[in-house]
Amino acid sequence: MKLLRAKWLSFGLIVLLFVAMLPLTAFAQTRFVDADEIPSWASPSVQDLVDSKMLSGYADGRFAPSDLVTYEQVITGIFNVLWVQDQAAGLSQSMAALPNVSPWAQGYVQLAKQRDIMKSPNNNSPIPAPNDYTQPANRAWVAAFLAMTLGYDQWQWDLNNRIPFTDLESIPVDLRMMVNTAVDLGLASGMGDNKFEPNVPITRAQYAVILENAKKLAETSTSLRSAYPAAPPKETLNPVRMAFFQRGQGQDASEINGRVIEALKNQHTYVQYLNMMSYGMKSDGDVFNGDKTFGDSFFDDVEKLAHEKGMKTLVVLNNYDIWRNCFDAQYAHSVLTSSEKQEKVIQWLVEEIEQNGDSGVNIDFEDLYPADRDLLTQFVAKVNGEMKKNGWTTVVSVMCKTNDTYDYRYYDYENLAKNADYIFVMSYDIYNPRGTPQQPGPNYNIPFVEKTLKFAVLSVPPQKLLLGVGSHSWIWNDSERTQMPAWKAEQMVAAQQAAGYKDPAYNASYATYKSASGGTAKVYYQDQQTYQTEFELVKKYGLGGYGLFPLGWETGSLWTALRNVYPGQ
């Protein structure tokens, strides 16, 4: 990644030039008993960060601008800028308390450790982990930590942009690249006489200015934005209606397959595109139809019925290994790095679409190497070009995220959207035993999904975004954590005569009961109200439509909710 060359100005001169342009009343609104002690050059930053709930004062009403900022305050501030407070809160509740960390900072420090921002035996981070997080942090550590947290690791730094300091030798060797990166990004600057003064601690007022710089960087078009769109979106009156077909497996296969057929027959007005999740990828990058290996006609029967009911079918092109039951980064990498394999996949795709009478493709590449981000976008552009030659549709499925640094860095929302008709956001499985956080929670977390949409609509035209609505549940207990269809979870709750509850934090329903092992089990499930709230988000954010995943796993409540939100479809 190419970094912007920093200006050769000292920190003090930058601040003075900024302050000189502000009216005298610009600092009147700071709400602290010691507001008069906040330097004029820091007041605008303090005001903005406090108003944004990214920075706060002490319980006694002071901001204490001259106090030295501590490691835990630095960590908390930058994570607040990135809007990951909910992740920190979850870790604070689920993880054992860390020593030498204040109670309010526990989740944030845990998050920094979990994200491998600080050095540990399991990573190569250059940022040392403090022995005591309540102690003051020095300039070198703060600059390096912020640059690393924003996603600019030491291997991405452009050596041609080296900004020398006369006291370079005073900067710890492991931090030199990151300090230079922070200066190059405009997060930090020298202290005069071309010195960086790496061991000097930073005051809270100085950190407010630095954090404001990080916030501005995070709000650029290609970075970490989570604000509301500038104008209210137009309500979606005629949404794009998608669903996903996945052959039933295991003991519920027959029931699931029967429900798929029933839904296609009776609910077809709510399904415009049916995504055929029947495909897998081999280690050499070859793609094939896994459903055809079952030796029956169910795949053909589903496609035929869908076409008879006026639906368009899409091939789901993915990097899924059906034998190991997982997405494989190396499988995708082998295709994304080979023009020959890409041409082969695209040729196969065109032939498959023509043979089946499909209407396009849904590219669902998951669990990729972060370094393959641009390669994925380039591949999508190639596929889309071929689709457009034939008048076909291109959809790209992406995981939901609230920033462009930590969450699924291999998805470039903005540029993927430029090369696709629709972006399908997989906004489910927010809490699941295979992901993070690994704690009981709903499959669909409304507050979190809203946060992901606020991020997405700033780089993707809302009418191109399709909201994923999951039809499965997770059972959480001491002995097992099981995924199952929503209808089965509903049946199980009824059989257990378990009391239902509402979780106001997630706007979700759940029930608890005694498991077979004698422990307490908890199941989050979606009822008509939660489904309806999800579909209302499509209208609220002016999205292009929705996608139901997977068909045959839903309850009747989903269709009732759809009819309430979109009557007359």
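Biologist: Which residue is the bridge partner of Tyr273 in E5?
Modeller: Bear in mind that this is a predicted model: local features need pLDDT of at least 70, side-chain atom pairs count only at pLDDT 80 or more, and totals for chains, interfaces and linings use all residues. Residues are numbered from 1 along each chain as its sequence is written, and side-chain values use heavy atoms, leaving out hydrogens and water. Strand E2 (residues 273-276) runs parallel to E5, joined by 4 bridges, and two strands pair if DSSP finds at least two bridges between them. In E5, Tyr273 has as its bridge partner Lys312.

Biologist: How many helices and strands does the protein have?
Modeller: Both are DSSP runs numbered from the N terminus: helices are H or I with at least four residues, strands are E with at least two. By that count the protein has 18 helices and 17 strands.

Biologist: How many residues of strand E5 are buried?
Modeller: Buried means under 20% relative accessible area, exposed means over 50%, and partly exposed is in between (1.4 Å probe, protein chains only). Strand E5 covers residues 312-318 and is largely enclosed by the rest of the structure, because the buried ones number 6 of the 7.

Biologist: Which residue in E8 is the bridge partner of Asn318?
Modeller: E5 also pairs with strand E8 (residues 360-364), in the parallel sense and over 4 bridges. Val316 stands opposite Asn362 of E8. For Asn318, the partner in E8 is Asp364.

Biologist: Which residues point the other way from Gly360, Asn362 and Asp364 in E8?
Modeller: In a regular strand the side chains alternate between the two faces of the sheet. E8 is mostly covered, with 5 of its 5 residues buried. Gly360, Asn362 and Asp364 point one way, and those pointing the other way are Val361 and Ile363.

Biologist: And in E9, which residue is the bridge partner of Ile363?
Modeller: E8 pairs with strand E9 (residues 393-399) over 4 bridges, in the parallel sense. In E9, Ile363 is partnered by Val396.

Biologist: Which helices do the buried residues of H11 pack against?
Modeller: H11 (residues 329-336) is largely enclosed by the rest of the structure, because 6 of its 8 residues are buried. Those are Ala329, Tyr331, Ala332, Ser334, Val335 and Leu336. They pack against strands E3 (279-281), E6 (320-321) and E7 (326-327), and also against helices H12 (339-356) and H13 (373-389).

Biologist: How many disulfides does a search of the whole structure find?
Modeller: A disulfide is a pair of cysteine sulfur atoms within 2.5 Å. Cys326 is partly exposed at 24% relative accessible area, whereas Cys400 is buried at 9%. For disulfides, the search of the whole structure gives 0.

Biologist: Over residues 221-232, how many contacts beyond near neighbours in sequence does the model have?
Modeller: pLDDT is the predictor's confidence in each residue, from 0 to 100, and the protein averages 83, with 86% of the residues at 70 or more. Where pLDDT is low, the predicted coordinates should not be read in detail. Residues 155-161 stay under 50 and have 14 contacts (heavy atoms within 4.5 Å) beyond four places in sequence. Residues 221-232 are also below 50, and their contacts beyond near neighbours number 33.
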